[in-house]
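The sequence and coordinates are shown first, and the description follows.

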Amino acid sequence: MSIWRATAHSKVNLHLGVGDAREDGYHELVTVFQGLNIADDVTLRVQDTYVAEIAEVVQSCRAEAAGQRMLDVPEDRRNLAWRAVEAVAAAYAQKHAGADFPVVDIHMNKRIPAAGGMAGGSADAAASLVLADRIYAQHLQVAELGMSTLTQLAAGLGADVPFMLHGNTMLGTGRGDELTSLMARGNYHWVMALSNKGLSTPEVFHKLDELRAKEELHAHLDITEVSQALLSGDPHRLAGTLHNDLQPAALSLRPDLRTALLAGERAGALAGIVSGSGPTIALLCADEEHALEVSGELVGLHGVRVVHTSGPAPGVEVVGD
Ligand code: C5P
């Protein structure tokens, strides 16, 4: 048996512009992702049992947070990490006919909230892609698939997974999976107000379509201002450019999030937005000291847990590299 570990970072969307709904059920996005230092630890335990069937390569999948099993994270093929390992095995099987694969057990120690708008499930999938690539390359004594193939496999798993592989600061277009690196200076400190109940991403997108059918809600697809603010490295300047087209939809489904947004402003945050599809609220602060002050003010807010973090953070990091 061998054990392989990776750190899977989370993200915030500094800008999330949502365009038209497409035939395939997705929306055209223009989004600026930034990796954050809140991260899950993903471990793949490789057994000494070998199988040729892709459907048998994953033996188990378990998620824990603070030593407790997480009931809201699926522990079967519905988990993206499970499908990530299968996707890598399938890619090797296609290249190397007759290959067999050691069976793996997936373990996730979660700090990224589940269904929180910080791409935790996608991050775990990205880490599983990278680890499975190393494991199967070593087992078969062949070259790794590499980042370009893994990025393609990532896009097949979900729209956020390619960014979670790469991290740092990137523009995402198409479904959010067509990536271009953006120049960014500085480090940004955030207080994340985590909700104890998740929000479903498809429901939030659907709500936005519903709201747009009733009222004028423009798509914000121009990232000039946020890109320039990122070049300045000044959090005060970045604060004025944060934007999320999904915010009205998330607030409509979860009116209680307004309380966290208002409390964040009152606590002196430079700006607050819904992170991705929510329900996490991301509060931008001037520096680390300011973030500690703001989180101190928010402690005790009903149904909310606050965590201090910073970005940009890298994508998947294999432990021991
Ligand atoms: O790709 P992923 O499974 O993470 O997306 C979850 C859901 O979020 C999609 O099924 C879709 O309803 C919505 N979505 C969207 N447009 C995007 C990304 C996600 O409508 N660009």
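Does S128 count as buried or exposed? At 0% relative accessibility, S128 counts as buried, where buried means under 20% relative accessible area, exposed means over 50%, and partly exposed lies in between (1.4 Å probe, protein chains only). S128 lies in helix α2; helices (H or I, at least four residues) and strands (E, at least two) are DSSP runs, numbered from the N terminus. The C-alpha atoms of S128 and R45 are separated by 11 Å, although the two residues are 83 residues apart along the chain.

This is a predicted model, in which local features need pLDDT of at least 70 and side-chain atom pairs count only at pLDDT 80 or more, while totals for chains, interfaces and linings use all residues. Residues are numbered from 1 along each chain as its sequence is written, and side-chain values use heavy atoms, with hydrogens and water left out.

**The ligand site**

The ligand sits in the largest pocket. A pocket is defined on a 1 Å grid over the protein atoms alone, as an open set of points where a 1.4 Å probe fits, with protein on both sides within 12 Å along at least five of seven lines. A molecule sits in a pocket if more than half of its atoms lie within 2 Å of the pocket's grid points.

The residues surrounding the ligand are G25, Y26, H27, L29, G158, A159, R175, T201, P202 and F205; a residue is near the ligand if one of its heavy atoms lies within 4 Å of it. By class, this shell has five nonpolar, four polar and one charged residues. In this scheme Ala, Val, Leu, Ile, Met, Phe, Trp, Tyr, Cys and Pro count as nonpolar, Asp, Glu, Lys and Arg as charged, and the others, Gly among them, as polar. Two elements, β2 (27–51) and α5 (201–214), each supply at least two residues of the shell. Helix α5 gives the most, with three residues.

**Backbone features in loops**

The bond from G278 to P279 is cis, with omega near 5°, and the bond from G311 to P312 is cis, with omega near 0°. P279 is found in the loop between β10 (271–274) and β11 (281–285), whereas P312 is found in the loop between β12 (304–311) and β13 (317–318).

G278 is also placed in the loop between β10 and β11. G278 is buried, with a relative accessible area of 0%. Its C-alpha atom is separated by 11 Å from that of P113, which is 165 residues away along the chain.

Positive phi values occur at A115 and N168, neither of which is a glycine. A115 has phi near 50° and lies in the loop between β5 (101–109) and α2 (120–140). N168 has phi of about 65° and is in the loop between α4 (161–166) and β6 (169–173). A115 is partly exposed, with a relative accessible area of 48%, and N168 counts as partly exposed at 36% relative accessibility.

**Residues in helices**

S148 is in helix α3 (residues 147–157), and at 54% relative accessibility S148 counts as exposed. A250 lies in helix α8 (residues 247–253), and at 0% relative accessibility A250 counts as buried.

| Residue pair | Separation along the chain | C-alpha to C-alpha distance |
|---|---|---|
| S148 and L71 | 77 residues | 34 Å |
| A250 and G17 | 233 residues | 14 Å |

Conventions. On a 1 Å grid over the protein atoms alone, a cavity is a set of points where a 1.4 Å probe fits but cannot get out, and a pocket is an open set with protein on both sides within 12 Å along at least five of seven lines; lining residues have an atom within 4 Å of a point.
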